[in-house]
Amino acid sequence: MTMPEATPEPGRPLVLRGGTVLTMDASSTVLDDADVLVVDDRIAAVGPRLEVPDGTQEIDARGGIVMPGMIDSHRHMWQTAMRGYGADWTLTQYFVWYYLEHGRKFRPEDIAAGNRLAAIESLDAGVTTTVDWSHGLSSLQHGEAAVDALRSVPGRFVLAYGNIQAGPWEWTADPGIRALLERLRDDADDRMGVQIAFDVTGDPAFPEKAAFEVARDLGIPVTTHAGVWGATNDDGIRLMHENDFMRPETVYVHASTLTRDSYQRIAATGGSISVATESECSAGQGHAPTEQVLQYGIPVSLSVDTSVWWSGDMFSAMRSTLNADRMAQHMDAHLKGDTITHLRLRAQHVVEWATRGGAHAIGRDDDLGSLEPGKKADVVLIRNDASPVSFPMLNPYGHVAFQAQRGDVHTVIVDGRVVKHDGTLVGIDLAPVRREIESTIDYLRSELGEETWQQGMFPEMPDAEASILDNPYQYTDYKDEGKRAGGEERVLGR
């Protein structure tokens, strides 16, 4: 029986010895049988057989892969409280449940419960930085609860503040919310960043302009769901561009159903695209734009979107992205009677997108996303001696993208602190987190009633007479609170 490894003590230098090191630097350097030295919160050295300070603790990385912490650029963390509930949803059913009906029932403590669980889940899977695309913040109290929950977990996070129950021109004008955004912007804690999250519907009146102006005045980046089939389109991109709101720091999530004109605008203004391929394949936002980002040279990151449907680890994101792109490439050829002999998207690409790409998306190129001396010590060791899948390890990029999974994450280091070691989270008690989630579930089931709860989780099979919403993806209010999906609605602020 293999004895558990002792957890390194905080405050002392740490070296990971003898692993295959994916530095993810600009040259894509891969080092065999190499070490990574961590001193305080920084990477002090990378290379073979490093000399280390006296008292340095050692982690055996032989047979494993040492890589930068992964970065998820778009996750609705509050929805993790309902993990797997929407496994059989369409995008319309998701919109109706969260945007139009039951999502408005979430209390601040429910937002906190989902955020805390999602934050812990991220660390467990080697995701050291997660953007909380937090569009369930229907009050300032909800926003404060989201922040407090993230701060309670020793990861690195970006709160992307949003509210799907109101137009962004409304909530960005709230002095309390602006004060919270300013506080997050000005805090010296580099483990908590801030973005503003809202979408552009393409309305010619461009009501979102006021929210963009707030973001510009505060100096806070905007992240937006763009190119979502039937919801956001080229008109939104055009309006952003014509009003000079497409900035290098802007993140376009999905960007699946845009035209050449929009991709060129994104490329020309230096923005980046967050690809969430499991979401795009399953929910129908459109095909993941992997061909387009390569064609137009657009920076790209990966994201998991929401655990109400899909897995919360970047291994799944990398794998699904490769599979979707290759399927599209093969099918395009087959329709022409041709055969693909060389693939355009490689395993190295998606590992880069999960690390360096994520760092670029959140404006942290200088200190995250690669293993280089002087950068922040966000490090992941993939090693599982008990698994027959751990060997042989011939192509390290291919191993990460196609072979590894959450259970193979041996060690996770954030800001120089070991938060997972020998496959076990360090200093995190799941029992109170479980109780918190159970309380949220009990509350929601009680509020909805058992019949509605079950109908939401197991939608009826479609029939020929089923009605389809023209565009459920709007900031909506109801003239008659008794009316729901397919009923009378108006767009706020019009």
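In which sense do strand β11 and strand β12 pair, and over how many bridges? Strand β11 (residues 251-254) and strand β12 (residues 272-275) pair in the parallel sense over three bridges. This is a predicted model, in which local features need pLDDT of at least 70 and side-chain atom pairs count only at pLDDT 80 or more, while totals for chains, interfaces and linings use all residues. Residues are numbered from 1 along each chain as its sequence is written, and side-chain values use heavy atoms, with hydrogens and water left out.

**Sheet**

- Eight strands form an open sheet in the order β6-β7-β8-β9-β10-β11-β12-β13, with parallel pairing.
- The edges are held by β6 (70-75) and β13 (300-302); each has a single partner strand, so one side of each is left without a neighbour in the sheet.
- On average, neighbouring strands of this sheet are turned by 25° against each other, direction ignored.
- Val-253 has Ser-274 in β12 as its bridge partner.
- Strands here are DSSP runs of E with at least two residues, helices are runs of H or I with at least four, and both are numbered from the N terminus.
- Two strands count as paired if DSSP finds at least two bridges between them.

**Helix on the sheet**

- Helix α11 (residues 314-335) packs on the sheet and touches β6, β7 (127-134), β12 and β13, where contact means heavy atoms within 4.5 Å.
- The direction of α11 makes about 80° with that of β6; axes are lines fitted to C-alpha atoms, for helices over the stretch in contact, and angles run from 0 to 180 degrees between N-to-C directions.

**Salt bridges**

- The count comes to 35 salt bridges, each defined as a side-chain nitrogen of Lys or Arg within 4 Å of a carboxyl oxygen of Asp or Glu.
- Arg-17 and Glu-58 meet through their side chains in a salt bridge (3.5 Å, N to O).
- Arg-17 lies in strand β1 (residues 14-22) and Glu-58 in strand β4 (residues 57-60), so this pair ties together parts that are 41 residues apart in sequence.
- Glu-58 is exposed, at 55% relative accessible area (buried is under 20%, exposed over 50%, partly exposed in between; 1.4 Å probe, protein chains only).
- Arg-12 and Glu-9 form a salt bridge (3.4 Å, N to O); Arg-12 is partly exposed at 36% relative accessibility, and Glu-9 is partly exposed at 47%.
- Arg-247 and Asp-244 form a salt bridge (3.2 Å, N to O); Arg-247 is partly exposed at 36%, and Asp-244 is partly exposed at 48%.
- Salt bridges that share partners join Asp-41, Arg-42, Arg-156, Asp-190, Arg-364, Asp-367, Lys-376, Asp-378 and Asp-415 into one network.
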